[in-house]
Amino acid sequence: MKLYSYWRSSCSWRVRIALNLKGVKHALAPIHLMREGGVQNTAEYREMNPLRTVPMLEWEEDGQVHRLAQSMAILAYLEERYPKPALWPKDPLAKARAWMLAEIPNSAIQPLQNLAVMQKVKADGADSNAWSKHWNERGLEALEAWARPIAGTFLVGDQVTIADVCLVPQLYSARRFGVDLSPFPTLTRVEQACEALDAFARARPERQPDAES
Ligand SMILES: N[C@@H](CCC(=O)N[C@@H](CS)C(=O)NCC(=O)O)C(=O)O
């Protein structure tokens, strides 16, 4: 399998964690989101992924090339294909909770801090960093409040779930935007537990082949 990824992309990072946890052999194809207007915007990449985003997973099967974009769809596919360890709990309520918590970074924070959105906000004359910081704070407040009564070692009980996979990259982004994480003790405690796992550690931006200093 080949993962089109950018070292600092939080959505790529989610997929890197899942591939590591599930022990799926893969190669990384770095897509530089900033250089020369962004490789994601080239005709060649747009041909493969018209939304011009990473991550994108590519593999060959039965003589055909298959591609998937959108981190949540990729994670769901990996879950079906490589069920162990499961990232969605079996218990219906725990499963829905894990998905709910994952959706806060996925749909209430990351889309608003995405590079293309920040570029547009800046072009329209606003402070794009303050914009992203605001949406991170708002989303993380909600995530902390939902997680506090149900967290164990991880966000939903004592097993890593999809919620943790989305949490760790989001906290990294929040720090980049200058968010004070002290009001979110549950989130930072769970982050520490995740970072102690090799699969999470190996997925960190600075450990990627395209990492920059
Ligand atoms: N919902 C998508 C979002 C993908 C996305 O926005 N990726 C960012 C990096 S985290 C990107 O490629 N941005 C490129 C750009 O904005 O030009 C997913 O979960 O994969």
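Hi everyone, and thanks for coming. Some ground rules before the tour. Because the model is predicted, local features need pLDDT of at least 70 and side-chain atom pairs count only at pLDDT 80 or more, while totals for chains, interfaces and linings use all residues. Residues are numbered from 1 along each chain as its sequence is written, and side-chain values use heavy atoms, with hydrogens and water left out.

Let's begin with the whole chain. The protein has nine helices and four strands; these are DSSP runs numbered from the N terminus, helices being H or I with at least four residues and strands E with at least two. Along the sequence the pattern reads β-α-β-α-β-β-α-α-α-α-α-α-α. The radius of gyration is 17 Å, close to the 17 Å that the globule rule gives for 213 residues, so the protein is as compact as a globular protein of that length. For the record, that radius is taken over C-alpha atoms, and the rule is 2.2 Å times the number of residues to the power 0.38. The C-alpha trace spans about 50 × 45 × 30 Å along its principal axes.

Now the sheet. In what order do the four strands of the open sheet lie? The order is 2-1-3-4, with mixed pairing, where two strands pair if DSSP finds at least two bridges between them. Strand 2 (27-30) and strand 4 (64-69) each have a single partner strand and stand at the edges, so one side of each has no neighbour in the sheet. From one strand to the next, the twist averages 25°.

Going through the pairs, strand 1 (residues 2-5) runs parallel to strand 2, joined by four bridges, and Tyr4 sits opposite Ala29 in strand 2. Helix 1 (residues 10-21) packs on the sheet, touching strand 1 and strand 2, and its direction makes about 150° with that of strand 1. Contact here means heavy atoms within 4.5 Å; axes are lines fitted to C-alpha atoms, for helices over the stretch in contact, and angles run from 0 to 180 degrees between N-to-C directions.

Strand 1 also pairs with strand 3, antiparallel, over three bridges, with Lys2 opposite Glu58. Strand 3 and strand 4 are antiparallel too, with six bridges, and Glu61 has Gln64 of strand 4 as its bridge partner. Their hairpin has two residues between the strands, and Asp62 there takes a positive phi near 50°. Across strand 3 (56-61) and strand 4 lies helix 3 (residues 71-81), at about 40° to strand 3.

On to the ligand. Which residues are closest to the ligand? They are Gln40, Val54, Gln70, Ser71 and Ala116, out of 17 that surround it, counting a residue as near if one of its heavy atoms lies within 4 Å. On its own the ligand has 510 Å² of accessible area, and the protein covers 91% of it, by the Shrake-Rupley method with a 1.4 Å probe.

One last stop: Trp135, in helix 6 (residues 128-147). Beyond its neighbours within four places in sequence, Trp135 is in contact with Ala108, Ile109 and Leu112.
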